[in-house]
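Here are my notes from going through this one, roughly in the order I'd want to discuss them. Have the viewer open while you read.

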Amino acid sequence: MAAVKKKIGRPKPLRQRIGENKSWQKASAIVLPLALGLLIVLIWQTELLHSWLDTDTFTLPLMDKIGSIMYDNSDKIWANAVDTLKVAGIGLAAGSLLGYLVAIFAALLPRLGQGSLYVIGAFASIPVVAMAPVLNNWTKDVSSDAAVRSMVSKILVVTLICAADMGLNAYRGLTEIKLYSEDMMSIYAAKKRVVLWKLRIPNSIPYVFTALKVSVPASIMTAIVSEYFAEKITGVGRQIRENIVLAQYSTAWAYIATACVIGILAYVLLMAAQTILLKRYH
Amino acid sequence: MKNRTKRMMCAITIAAMTIGSLAACSKSDSNAAATTTAPAATETTASTPAAETSVLTSGDIITRAAKSGQVGNWGLGNEYEVLALLAKYGLPSEYLSQDFTMDGFDDNSILLASAMTYNELGLVKNSYDGGYKYGDSVNIIDMNDEGVAMMEDNIFCTKTFAKANPETVAAFLYASLKGWEYAVANPEEAAKICYEYGSSVSPEHQEYMAKEVAKLVSTNTKGEKVTEVGLMDDAAMQQTLDIAKQYVTLADASANAAFQAMTLDDIRDASFYTKAKASDGKFAVEKPEVSIQLKWLPDAQFAGYYCALKLGYYTEAGFTDVKIVSGGGDIAETTAVNNGTVDFGVTWETNLASADASGMDLVEIAQIFQRSGLVLVYKPENFK
């Protein structure tokens with residue numbers, strides 16, 4: 001055997017052997033991003049980054065300073081983060097639901113429904129900076145409480161953005177079905193309702209997650225931008241703006257960091273949900 | 001047959017949706033009108049006997065507007081006088097974010113709205129293009145009368161720039177102050193000059209602005225005449241700093257400590273003003289091409305600089321090119337000056353002090369507006 005092996009080829013180089021090692025593959029998925037993160041922290045904290053970007057610690061404060069501001073003002077930052085999360089969360093839920101319903105409508109009545117998909121697609125192409133002030137004025141009559149009406153206007157913006165994303169993706173999931181399965185359903189003389197429940201909706205689940213992967217970060221970004229125009233001064237995005245205009249860069253960075261944390265956590269939650277749910281279906 | 005029924009169905013649904021949405025629109029409108037008028041109506045009936053006997057003081061007005069959460073301000077550093085006023089009457093320091101129109105005041109969503117005497121107040125009162133035509137039916141609460149006035153438009157640059165270019169700074173001040181003197185003496189001509197330089201407002205409003213700005217430049221917080229344009233009045237500046245220390249809390253603990261320890265000497269340098277005043281108008285400028293960052297859009301709020309440019313005062317003082325850079329909404333004039341994008345800037349004292357506390361290197365070299373231009377405007381009928 002040994003002789004045969006020798007004939008086939010040289011022993012594999014170390015790099016290849018490491019690359020094929022199962023436990024290294026597993027570990028590297030954690031170790032490499034961690035190393036990159038550490039590297040960034042290192043060049044940031046040693047001000048190497050500042051010299052490369054030709055900036056100073058005033059414009060780009062050191063990480064420990066940002067951290068200490070976040071710690072000192074944790075109550076205020078938390079309250080602002082909750083307001084942003086509320087807007088993003090409710091808007092995401094409402095928008096995704098709306099988008100999915102439109103997609104079902106479009107899948108069942110293609111001639112009528114495709115038009116509505118174009119309509120929400122068109123809505124999504126309006127820039128948030130244009131949509132937010134319009135909706136802000138539009139919702140002035142919703143409530144006499146400014147906190148409520150600015151919340152509603154912000155949620156509406158997020159809803160419209162998320163609806164388009166979900167609608168277009170879910171429509172593909174509901175219609176791009178393996179040909180034989182659709183034929184089989186018609187052989188069974190299944191009603192449209194049954195085809196929808198047993199075939200179309202389960203088939204659309206992966207597409208729903210594709211949509212969510214885009215719309216979860218988009219909902220947070222949209223919430224942050226729409227806060228700029230709201231009547232009530234609250235939210236992570238609004239604090240970034242206020243602090244930058246007042247030349248409080250380190251505080252602005254503390255809120256930028258908070259926005260990053262919110263985005264990353266939301267994405268992690270989504271990935272966890274996807275792993276659990278998709279296992280069940282497939 | 002089946003297709004035809006489908007088509008019929010479609011047509012009916014579309015018709016129903018259109019009618020439904022139209023009906024919903026009109027319904028929500030009437031609802032809105034009802035909700036906005038209802039509280040006003042109940043208030044008037046409740047307080048008729050009281051209104052006849054007593055005149056409401058500004059304290060009463062502020063208290064009532066603050067209790068219903070309808071005091072408006074733009075924020076972004078413009079809010080400290082309002083916060084100081086709220087605190088003076090023991091009210092919670094909360095206000096609504098006002099956009100850059102007076103629509104909120106017009107539709108009563110803001111009962112007590114912030115306005116600059118030289119801009120928004122004119123739009124509210126006057127009936128020219130863009131005005132809200134309220135005339136003298138609206139009343140104001142003046143920050144100067146309430147004792148919470150803070151110093152607004154000044155001229156500043158970085159300490160480093162001032163140290164390296166003392167002649168340039170003095171020359172720029174000399175020409176700018178001369179421009180301001182002209183603008184105060186001839187507001188109508190000044191308005192025309194501003195309009196030429198790409199104004200953001202109508203010629204009529206420009207003239208109104210120029211006249212009001214002239215008042216701010218030549219009257220102090222106590223209502224006394226000021227003859228020296230650009231004078232840095234220590235008492236008024238100290239009051240500004242004291243109010244600022246009380247109401248500005250910087251989230252960055254070290255910056256906040258620096259802010260609380262700040263004195264007037266940290267943020268203003270009168271030597272350039274003295275030098276410009278004593279000068280015969282001849283300077284050996286180190287940097288003949290300079291720029292100034294405005295705090296807002298080009299209009300008569302900055303009349304002095306436009307007049308100096310148009311009438312050649314900058315050229316006489318030895319400059320070959322002076323650029324006036326427009327500001328607006330989210331443009332931070334402190335940042336623009338600090339990072340060297342522009343050489344000079346116009347800002348408010350509080351903004352300069354808080355920027356310095358968080359690590360900037362700015363110094364005020366002249367105080368253009370001698371009194372606060374901020375007022376709170378209200379419709380008396382909302383408080384009867």
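1. Ground rules. Helices here are DSSP runs of H or I with at least four residues, strands are runs of E with at least two, and both are numbered from the N terminus. Counted that way, chain B has 18 helices and ten strands. Keep in mind that this is a predicted model.

2. Chain B overall. The chain has 384 residues, and 47% of them are buried. Take the contacts in chain B between residues at least 6 apart in sequence: 80% of these join residues at least 24 apart.

3. The A/B interface. On the chain B side, 26 residues are in contact with 23 residues of chain A. Which elements of chain B give two or more residues to this side? They are helix H1 (2-53), strand E2 (96-97), helix H17 (333-338) and helix H18 (349-357). H1(B) has the largest share, with four residues. Sorted by class, the chain B side that touches chain A comes out at ten nonpolar, 13 polar and three charged residues.

4. Chain A, H9 against H11. Helix H9 (residues 146-175) of chain A packs on helix H11 (residues 192-227) of chain A at about 160°, and their axes are 8 Å apart. Angles over 145 degrees count as roughly antiparallel, and H9(A) and H11(A) are therefore roughly antiparallel to each other. Their crossing is right-handed. The contact of H9(A) with H11(A) has 14 nonpolar, nine polar and five charged residues.

5. Chain A, H7 against H9. H9(A) also packs with helix H7 (residues 110-124) of chain A, here at an angle of about 140° and again with axes 8 Å apart. That makes H7(A) and H9(A) oblique to each other, and the crossing of this pair is left-handed. From H7(A), the contact uses A:Leu117, A:Ile120, A:Gly121, A:Phe123 and A:Ala124. The H9(A) residues in it include A:Leu160, A:Ile161, A:Asp165 and A:Tyr171. By class, the contact of H7(A) with H9(A) divides into ten nonpolar, two polar and one charged.

6. The three-stranded sheet in chain B. Here we have an open sheet with the order E3-E10-E4 (chain B) and antiparallel pairing. Strand E3 (113-116) and strand E4 (139-142) of chain B are the edge strands, each pairing on one side only. Ignoring direction, neighbouring strands of the sheet are turned by 40° against each other on average. Four bridges link E4(B) with strand E10 (residues 374-378) of chain B in the antiparallel sense.

7. Strand E9 of chain B. Is this strand enclosed or open to the outside? Six of the six residues of E9(B) (residues 362-367) are buried, so the strand is largely enclosed by the rest of the structure. E9(B) runs antiparallel to strand E5 (residues 154-158) of chain B, and five bridges join the two. One of the pairings puts B:Thr158 with its bridge partner B:Leu362 in E9(B).

8. Helix H15 of chain B. Seven of the eight residues of H15(B) (residues 303-310) are buried, so this helix is largely enclosed by the rest of the structure. The buried ones include B:Gly304, B:Tyr305, B:Tyr306 and B:Cys307. What do the buried residues of H15(B) pack against? The elements are helix H8 (166-185), helix H9 (187-196), helix H10 (203-218), strand E6 (289-293), helix H16 (313-316) and strand E7 (321-325) of chain B. Just after H15(B), B:Gly312 takes a positive phi of about 80°.

9. B:Ala65 is in helix H2 (residues 58-67) of chain B and is buried, with 24 other C-beta atoms within 10 Å. Leaving aside neighbours within four places in sequence, B:Ala65 is in contact with B:Gln70, B:Val71, B:Leu111 and B:Leu112. B:Ser254, found in helix H12 (residues 253-260) of chain B, is partly exposed, with 15 other C-beta atoms within 10 Å. B:Ser254 and B:Ser358 are 104 residues apart in sequence and 7.9 Å apart in space, C-alpha to C-alpha. For B:Ala65 and B:Ala257, 192 residues apart along the chain, the C-alpha separation is 33 Å.

Terms used: Residues numbered from 1 in each chain as written. Chains lettered and ligands numbered in written order. Predicted model: local features only at pLDDT ≥ 70, side-chain atom pairs only at ≥ 80, totals over all residues. Axes fitted to C-alpha atoms, helices over the stretch in contact; angles between N-to-C directions. Parallel < 35°, antiparallel > 145°, perpendicular 65-115°, else oblique. Left-handed = near helix turned anticlockwise from the far one by under 90°. Nonpolar A, V, L, I, M, F, W, Y, C, P; charged D, E, K, R; others polar. Contact = placed C-beta atoms within 7 Å. Buried ≥ 20, exposed ≤ 12 C-beta atoms within 10 Å, placed from the backbone. Pairing = 2+ DSSP bridges.
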